Amino acid sequence: MTTTSATDLDETTKRLDREHVFHSWSAQAALDPMVIAGGEGTVVWDHAGNRYLDFSSQLVNVNIGHQHPAVVRAIQEQAAVLTTIGPATANLTRGQAAQRILARAGAPFSKVFFTNGGADAIENAIRMARLHTGRDKVLSTYRSYHGNTGAAIVSTGDWRRIPNEYARGHVHFFGPYLYRSEFWSDSPEQESVRALHHLERVIQSEGPAGIAAILLESVPGTAGILIPPPGYLAGVRALADKYGIVLILDEVMAGFGRTGRWFAFQGHDVVPDLIAFAKGVNSGYVPVGGVAISAEIAATFDERVFPGGLTYSGHPLAAASIIGALDAMEDEGIVENARRVGADAIGPALAQLQERHPLIGEVRGEGVFWAIELVADRTTREPVGADVIGRLKKELVSRGLLPFSAENRIHVVPPCVVTDDEVGQAMSIYDEALTVLESA
């Protein structure tokens, strides 16, 4: 009788993946994906038992950590009662999930439209804004990522929109980013003022009467974890009010504990009209997203049909996972842990790394949402090339850390349940890997 070894399972997994799985954002022939067979908390492993600190949170979504028992139990219990039902029905679990989301969003939000993920949350938020205002254009920043569906990808500012520009009515502008300021600013306050001036000029130039929405990530994530400077988001809200424009804040990546708050915008004296969410609402245990809708916009569709829907909107297993995740995060102080560990452990440790390593141009972030920006020269701030990031990723993985990289950055984005000891382990690994690169 033959037995399958752990190594054989890893090889079988890779073979099946190569033969049958088509991966996103990739040239297929060049891929050699890591095998992940299991996980718990901040750690994942392959079949052979090689363990990795997951400082990527996969796609910055496993906020509550891997295999949290409360979330797994909630899904199991719901599966034993009712696995699926159509969205036109009323379901207790769905209603309770919406209630919990709205309790954390606060006023003026009154309804939740559930989607399958973040991209279609953005799609439907844009649709609501256009129908509510009777206008067409949507303004969003060049440094942004909003998802890989029709309007969401064209709202996105980075390179991924360019081969996918099939949606109409999208205009881009520059948001604040002091380290690489488009406005020649020398302070956060100046960057805020000048970025707001730029945005108002774009609004005026595009014609305010035709603009339905301004769409922003509360904290741009994949674009670089760009914490808004003082007054910026409040200033955008004021411009939206001045010109009768709906403000949509994309909290898909930044929401549900990532910044050490339930929603990132809650630290910036601003309240949007629509909130797009996904990822951290249930840490991706079941695909789900949604739009939290203000009472005013929800009322638009009291007597008027909203022309949109999804077969799995408010799926019972997804709703149960939301309840399990949000209740556990509340009961266990997980959001507070993210805030504390960012302030007391991650931030100070990254500052020390920056002092020791000339490759690091800037570190920035909050909570468990940080970026290490790597430069070839600190004076010119020239970004390092893709080859440097590739070598750094290999060094990190070989030492047992799963990284998240974007352009010339490594994002430090562990689950919100990360401990100080795990942060210390990760920082030692970053330190060793950067030392290897700088000595090469």
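Where in the chain is P287 found? P287 sits in the loop that runs between strand 9 (274–277) and strand 10 (289–294). The model is predicted.

P287 counts as exposed, because its relative accessibility is 64% and the cut-off for exposed is over 50%. Leaving out residues up to four places away in sequence, P287 touches N116 and A318.

## Overall form

The chain has 440 residues. Its secondary structure comprises 13 helices and 16 strands. Along the principal axes, the C-alpha atoms fill a box of roughly 65 × 60 × 40 Å.

How does the radius of gyration fit a compact globule? A compact globule of 440 residues would have a radius of gyration near 22 Å. The chain has 22 Å, so the value agrees.

Contacts reach across the sequence. Take those in the chain with a separation of 6 or more: 71% of them join residues 24 or more positions apart.

## Buried interior

Of the residues in the chain, 54% count as buried. In soluble globular proteins, nonpolar side chains tend to be buried together. Here the largest nonpolar core holds 90 residues. Within this core, I214, L374 and Y430 touch the most other members.

Setting aside neighbours within four places in sequence, Y430 is in contact with F55, L353, L396, L401, I410, H411 and V412.

## Surface

The accessible surface of the chain comes to about 18900 Å². Carbon and sulfur atoms account for 53% of that area.

Which residues form a nonpolar patch on the surface? The patch consists of W25, W159 and I162. Together these residues have about 370 Å² of accessible area.

W159 lies in the loop between helix 6 (150–155) and strand 6 (170–173). Is W159 buried or exposed? W159 counts as exposed, because its relative accessibility is 52% and the threshold is over 50%.

## Two exposed loop residues

P287 belongs to the loop between strand 9 and strand 10. W159 belongs to the loop between helix 6 and strand 6, and is part of the nonpolar surface patch with W25 and I162.

Conventions:
Residues are numbered from 1 along each chain as its sequence is written. This is a predicted model: local features need pLDDT of at least 70, side-chain atom pairs count only at pLDDT 80 or more; totals for chains, interfaces and linings use all residues. Side-chain values use heavy atoms; hydrogens and water are left out. A nonpolar core is a set of buried Ala, Val, Leu, Ile, Met, Phe, Trp, Tyr and Cys residues joined through side-chain atoms within 4.5 Å. Buried means under 20% relative accessible area, exposed over 50%, partly exposed in between (1.4 Å probe, protein chains only). Contact means heavy atoms within 4.5 Å. Patches are made of residues with over 30% relative accessible area and no salt bridge: like charges are joined within 9 Å, nonpolar side chains (Val, Leu, Ile, Met, Phe, Trp, Tyr) within 5 Å. Accessible areas come from the Shrake-Rupley method with a 1.4 Å probe; for residues, only the protein chains shown count as cover. A salt bridge is a side-chain nitrogen of Lys or Arg within 4 Å of a carboxyl oxygen of Asp or Glu. Helices (H or I, at least four residues) and strands (E, at least two) are DSSP runs, numbered from the N terminus. The radius of gyration is taken over C-alpha atoms; the globule rule is 2.2 Å times the number of residues to the power 0.38.
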